[in-house]
Amino acid sequence: MKISGPGLQQIFSISFLLIIAFQSKVSSQQLTQTVKGCVVDADTEIPLPGATVVISGTEPLLGASADAEGFFRIEKVPLGRYDIRISFMGFEPAVITEVIVGSGKEVVVNAGLKESLLELEEVVVKAETDKKQPLNSMATLSARQINMEEARRFAGAFDDPARLVTSYAGVAAGNMNSNGIIVRGNAPKGVLWRLEGLEIANPSHFANLTTFGGGGISSLSAQMIDNSDFFTAAFPAEFGNALSGVFDLRLRSGNRDKREHAFQAGITGIDLSSEGPYKKGKPATYLFNYRYSTFGSIKPLLPENAGLITYQDLSFKTDFPTKKAGIFSLWGLGSTDNSGSRVEKKTAEWEYEEDRLENDSRTSMGALGLTHKLITGPKTILNSSLALSGSNLSSETGKMDLEETLHDQENIQNKAWNYNLSANLSHKFSARHSNRTGVTVNLLHYDMLIRYAPEFKDALQATTDERGNSELIQFYSQSRFDITERFTLNTGLHLRYFTLNGKYSPEPRLGLKYRITPGQAFNLGYGLHSRLEMLFVYLGQQQSPEGVVRPNTGLDLSKAHHFVLGYEKAIGENMNYRAEAYYQRLFSIPVEPGSSFSMINVDQEWFINQTLTNDGSGENYGLDLTLERFMNNGYYFVVSASLFNSTYVGGDDVVRDSRFNKSYVFNLLGGKEWKMGRTHKNNSIGLNGKFSINGGDRQTPVDTEATCLMREVVYDEARAVEEQKPAVFYLHFTLNYRKNKPDHASIWSFQILNALGAPEYFGYRFNYKTDSIDRDEQTIVIPNISYKIVF
C-alpha cells in the first residue's frame, strides 16, 4: 500500500491552520491553579502529617504542609511546568518532576517518601538521583515509573502505556498495527498486566488478534491511569506469572473538592470523562471515562484488508473513605471491539490470498474489582481485593472458491474469566527493615472451541473443545533491608501452584544496590520467574482409538532465570544515565519433539494440539543504555540503545535465533515547549519527535518449489527462522497547543505514527496473477487530530 505525499501534506496543513485559527487575543490576567495531593510512607502507605511540599521555580516560593491525613493544598500557583519537592523529618526527600499546571483542572500530586537511616533534624531537598525511580519500594533495578502525561506528550506513545515504554531501553515495538512489546528478546505474550494490584486480561482493544499479548491500543484511557510502574526483569517477589515484563497500573482517584470534566473529539473518535465528590464536603469521590472510536475516517491510510474498525470502552473508580474502617474502592473496566473484512474483488481480480478471505472478529474484556485499605497499626497496612476479570475473542474466517462460494477456514471461540482474591500485609519493623507478605487465589474458568479446516473445503476440526475451571494459587513474602546508608538488600520468595496439573514453582528473588555517592549506584538483581501459557495450549486435543485425548494437560510452567547488573548516575539535577547488562536463561519451555517448534516463538498460532514436552530452552543476553534529560527549561530528550541476542533450542536440539531476535533497537526522543501570550504567557505549544531504528524479526524462508506447486506460501521448516526481516525506521511526531482560560483549557493535538511511511514486513504472499512470490510489505500511517476541553 502506498501513502501519497499530498495526503500527508494536507494533514499537516490542516493541523497548523486549526492551531493558528484558535489563537485569539490572550487575556492579560495572570492565571493560576491549585496544586494538591497526599504524602505517605512509601513502604506502608500511611499518611505523613506535617510533610513539607514546595513548588520549585515560583516567586515568591510557594509551598504548604500536609494535614493530619497527609493531604496538602497550594493555591494560586501560576500556570507552567514545575518540579515539586517534598520533604519530611526523618525521611528521604522526593522530587516529582515535569508537573504541568494548567487551567480547567486542579493538579493532584501524590508522593511516597522512604524513611531515612540518618537521624535528621532538618532535611535539605536536593535531587541527586533518578527522578523516575519506581513507586514500588521493593524494586531494585530494571524498573521505571511511567505517567500518562508522558504518554500524551511523547511522540509515538499515542496515549498508550505499551507504546510509551517502547521509548525506553530494553523494549522494542512489534509493529505499527499492534501495541505488543518485545522485552529483552521475549515474546509479547510473556508480559503481565496488573491493575490495582490484581492480574487482569490484556487491557487492549483487539487483544490477541494480531499478536498474543498485544492488541491495537490500550482500552484504559490516559485520563484514568495514575503514575504507575513498569518492570523489564528480575521483578520483586510480589509479581508472579510473568516472564518478560510487568505493567503495574494504578487508577487515579477523583477530585475530593470539586467536579471537573473533559471532552475530546478527534478523527479517531470521542472521549468523555468526569470526576469529583459525590457530595461537596464529603470524602466519597467518583471518576469515569468513556470512549468511542472508529478508524473509518483514516481507512485510506490503513492496510487494504483492514476493513472497518470500531471500538469503545468504559472505565471508572469510586472511593469511599470511612473514619475507622479504612478506604473502600470500587473500580471497573470494560471494552468491546469489532473488525473484519469482506471479499470485494471479482475472482479475476484476485491477486493474493487475502483477496478471497472474509473475516468477522469481535473481542471484549472486562474487570470489576473491590479493594480495601485498612491501617491496622502505626506501621502496618492491610490491602485486600476481590475482582472478576475476563476476555472473549470470537473470530470466524472463510475462504471463497472460484465459484464464489465461501468455505469455513477458521473458527475461534475463546472465553476466559477469573475470580481473583488477594490480600497483603505491609509492615515496617524499623527504618532498616520493611516487609510485604501476601496471597492471591485465581479461580480460572474457560469455555473454548477452536477449529480449523486442515485443507481447503474440508470440514472444521477442533484442536480445543473444552469448558471447565482450575485454580492458580500464589503466595509471596518480600523484605527490604537498608543495611547501611549505602547498601540495600531486597529479597523475597514467590510460590505458585497450578491445580490443573498439580505443578508448582518456588521462585527466589534478590536485589542489591550499592550507592557509591548520593547520585551514583551499582545494582545487582536475580529472579526465577514462570508463566502459564495460554490455557488452550494445555487443553489441545487429539483423536485416538480410545477417543479424545489431551496430551498437554501435564505440561509444566515455562520458566526463566533473570540476572541483571546495572549502573546508574545522576548528571546534575535534570539528567540521568543508566546501563544494564542482563542474561536470561529460559527453560522448561514447551516444544514438539523432533521439530523446531517452541512456545518461545509463538506469536499468533491458535491451532496447537500436537504433543509437547518441557524440554525446550532459550537464552537472552544484552546491554541496555539510556541517557535521559528530564523536562527543564522547556525541553527534554531520551537517547536509548539496546543490543541483544535471543536464541532458543526446539524439540530437535538445534540452537537457532528466536523469532524476536531483532539484535538492536535505537531510539532518539525529544521535545520542546514554548510559552505563549502577550503578557503572562499563559498558553503553550509543544513539538515532540521520535526516531527509531529497529532490527527486523526473524522468519522462516519460503520453500519456493512447494509454494509454486501449491500456489500458496509454504515455508521451509528445515531452515526455521534463518532469515531476518529488513530493519524498520520509524519517525513519529506530536504537536500540542494548550490555551488556558480562567475557567477552562482548550488543547489542540496532532499526532502521527510513522510519518515517513516506512514499510513493514509480514512475510511472503503468493501472487496469483504473476505466479510469483512477493514480499508481504505494508505501510501503515496513523494520524489523529483532536480537540479537548477541560473544565
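Biologist: What makes residues 19-27 a stretch where pLDDT stays under 50, and how many contacts beyond four places in sequence does the model have there?

Modeller: pLDDT is the predictor's confidence in each residue, from 0 to 100, and over residues 19-27 it stays under 50. The model has 18 contacts (heavy atoms within 4.5 Å) beyond four places in sequence for that stretch. Where pLDDT is low, the predicted coordinates should not be read in detail. Residues 120-129 also stay under 50, with 26 such contacts. Still, the protein averages a pLDDT of 92, and 93% of the residues score at least 70.

This is a predicted model, where local features need pLDDT of at least 70, side-chain atom pairs count only at pLDDT 80 or more, and totals for chains, interfaces and linings use all residues. Residues are numbered from 1 along each chain as its sequence is written, and side-chain values use heavy atoms, leaving out hydrogens and water.

Biologist: Why is Cys-38 called buried?

Modeller: Buried means under 20% relative accessible area, exposed means over 50%, and partly exposed lies in between (1.4 Å probe, protein chains only). Cys-38 has 12%, so it counts as buried. Cys-708, at 38%, is therefore partly exposed.

Biologist: How many disulfides does a search of the whole structure find?

Modeller: It finds 0, a disulfide being a pair of cysteine sulfur atoms within 2.5 Å.

Biologist: How do you know that strand 13 and strand 14 pair?

Modeller: Pairing takes at least two bridges found by DSSP, and 3 bridges join strand 13 (residues 228-231) to strand 14 (residues 245-249), so they pair, running antiparallel. Phe-230 has Phe-247 in strand 14 as its bridge partner. Strands here are DSSP runs (E, at least two residues), numbered from the N terminus.

Definitions and conventions:
Helices (H or I, at least four residues) and strands (E, at least two) are DSSP runs, numbered from the N terminus.
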